[in-house]
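Work through the exercises below with the sequence and the 3D structure in view. Each task is followed by a solution in steps.

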Amino acid sequence: MEQILAYFFTYKEAIFIIALSIFVGIEVISHVPSVLHTPLMSGANAISGVIIIGGIILVGHADTSTLSLELILGFFAVIFATLNVVGGFVVTDRMLEMFKKKKK
Amino acid sequence: MEQVIGNLNGIDFTLGESILELSYLISALLFVFGLKLLSHPETARRGNFYAGSGMVLAMFTTLLLHRDASGNGIALTNVWIILSALTIGSVIGWVVARRVKMTAMPQLVSFFNATGGAASALVALLEFPNADMGNYESVLVTILGLIIGSIAFSGSMIAYGKLDGKVKDITSGMMTYVNLFLLVTVVALSVYIMISGQTPEQLNWAIYLLLGISLFYGVMFVMPIGGADMPVVISLLNSFTGIAAAMAGFIYSNQAMILGGILVGAAGTILTLLMCKAMNRSLMNVIIGAFGANGAAAANTEGGVMKEISLSDASILLSYSKSVVIVPGYGLAVAQAQHVCHELEELLSGKGVNVRFAIHPVAGRMPGHMNVLLAEADVPYNQLVEMDNINPDMPNTDVVMVIGANDVVNPAAINDPASPIAGMPIINAYQAKNIIVMKRGRGKGYAGIENELFFGEKTRLLFGNAKDSLQNLVNEIKSL
């Protein structure tokens, strides 16, 4: 018991964030109409592109004096993440644009 | 920005660091708010814009203000490298997202999901050498980011290939065991990495092996999934990418990444369960038992005859109906018949017929597939009616027209407890006064299950490619 409590205390911030964001995620989309399933999925997909922050941090502090594996793969990680972000948001917008113009 | 403005737990913090964390908070709020707005038709576009702005904000404040553990900012050379990667990614992403045909939307969503997974896996792989091996949590999040990111990447690529028609389903009884073996290996290897007590350099082989097996598992996991189950798998892979990003967020203790990732993970999971519910199957059942592989129970269609309908009869029947419901399925997408379908709907509406579309939650190959397809053809979304709302009207419907759909209208789901789709909620097309089914041939549907609706008393079939059939029907009605 003490160990579990100690574990909780050590990681309290992380545990709070996890618990609350799961709740928010469920709450926010649980009543979405099926019309929006695809755009919602695609928009959420673009948000998962936040990994780009990790990519920027990684490449940002990489040693540029030699062409290391870290630098090359990190470069690709940033490209991939950007594809996810830009592609995801643009495609979602394009889909929603179609839904919109019929509202005449 | 370098100015020290305070002290927390004995560590000085600067103005820049405070602004950076504040920007992460704003980004996280924009993500939540954006997702919230995305779930209502009127506000969806704004929601997408907010979420996108949150992302741009987080990207640029990170680039400008991030400091490593020893307080060094991002050097100018690195900034240029990052900016060029951002430019390459943006240009490709923009062009692909703008150029690709709307009908290729399911593939595209899968493809972008794959790139997100790949980025997470790469970041975790490259951060592994910096992991604190004494700290289980630090190693665990890195390994999980690698595993989940890899599975999301290779799984989504296979899903992309399948939706694009480039990859065929491969089902074999062996696969369940192979997959189980792969999973056990992944777990064993992860435990070994965590408790072996070796340095990251010594464990290099293990981490690359883990990457390889995870990638392979992703392929094997999506390979046997049948087309009818694709919506479940696509939303599941979507939630994987989110979780992988959250794991990477833990590596950097970055709240925006953690929150964004978990938000997507939770949203994706909900959508996955929603899809499962729409098929009355458990997630386990979808992943392990591929549809139709269990030797589809023969429906009682012995002696039943499929009755054809001529074009002129069909056009007369439709034109003089009061109420027509169109049930679209994947066949409509394959034949790219959405535009001519809309033409037919307008033509009939012009004659005073009440035309509506009945949308089953798992019709097509991704969640909401039919909605996007019909929206592309300018069908107003208030004419798209969800299953639960259209079913009470079915007995009063004069004609139901089933276009390239099969399992979602199969009454076996209700009548036959032995059917593989028993218990799946369906659109009650069989209750309508007349049923016209457009079908390419006399074969069974994707799931390989006979559909007794096609043999019913009130059912007439119109054979041929959906686009051609619809075009002929439109011409016929015009000439009436």
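A pocket is an open set of grid points where a 1.4 Å probe fits, with protein on both sides within 12 Å along at least five of seven lines, and its lining residues have an atom within 4 Å of a point. The model used here is predicted.

**Exercise 1.** Describe the largest pocket and its lining.

Solution. 
- Step 1. Start with the space: the largest pocket holds about 1100 Å³.
- Step 2. Count the lining, which has 28 residues. Nearest the centre of the pocket lie B:Glu17, B:Glu21, B:Arg67, B:Tyr252 and B:Ser253.
- Step 3. Sort the lining by class: 11 residues are nonpolar, 10 are polar and seven are charged.
- Step 4. Assign the lining to elements. At least two residues each come from helix 4 (51–60) of chain A, strand 2 (11–14) of chain B and helix 1 of chain B. Helix 1 of chain B gives the largest share, five residues.

**Exercise 2.** State how much area chain B and chain A bury between them, and which residues take part.

Solution. 
- Step 1. The size of an interface is often given as the accessible area lost when the parts come together.
- Step 2. For chain B and chain A this area is about 8000 Å², with 76% of it on carbon and sulfur atoms.
- Step 3. In chain B, the residues that lose the most area to chain A are B:Arg45, B:Met55 and B:Leu126, together 9% of what that side buries.
- Step 4. Count the residues in contact: chain B supplies 103 and chain A supplies 79.

**Exercise 3.** Find the salt bridges that B:Arg45 forms with chain A.

Solution. 
- Step 1. Side chains of opposite charge can pair when their charged atoms come close.
- Step 2. Apply the cut-off: a side-chain nitrogen of Lys or Arg must be within 4 Å of a carboxyl oxygen of Asp or Glu.
- Step 3. Between B:Arg45 and A:Asp93 the closest N and O atoms are 2.9 Å apart, a salt bridge. This pair joins two chains, because B:Arg45 lies in helix 2 of chain B and A:Asp93 in helix 5 (residues 69–101) of chain A.
- Step 4. B:Arg45 also forms a salt bridge with A:Glu97, at 3.8 Å between the closest N and O atoms.

Note on methods: Residues numbered from 1 in each chain as written. Chains lettered and ligands numbered in written order. Predicted model: local features only at pLDDT ≥ 70, side-chain atom pairs only at ≥ 80, totals over all residues. Heavy atoms only, no water. Contact = heavy atoms within 4.5 Å. Buried area = accessible area lost by both parts, 1.4 Å probe. 1 Å grid on protein atoms, 1.4 Å probe; cavity = no way out; pocket = protein on both sides within 12 Å on 5 of 7 lines; lining within 4 Å. Points joined across faces, edges and corners; volume = space filled by probe spheres on them. Helix = DSSP H or I, 4+ residues; strand = E, 2+ residues; numbered from the N terminus. Nonpolar A, V, L, I, M, F, W, Y, C, P; charged D, E, K, R; others polar.
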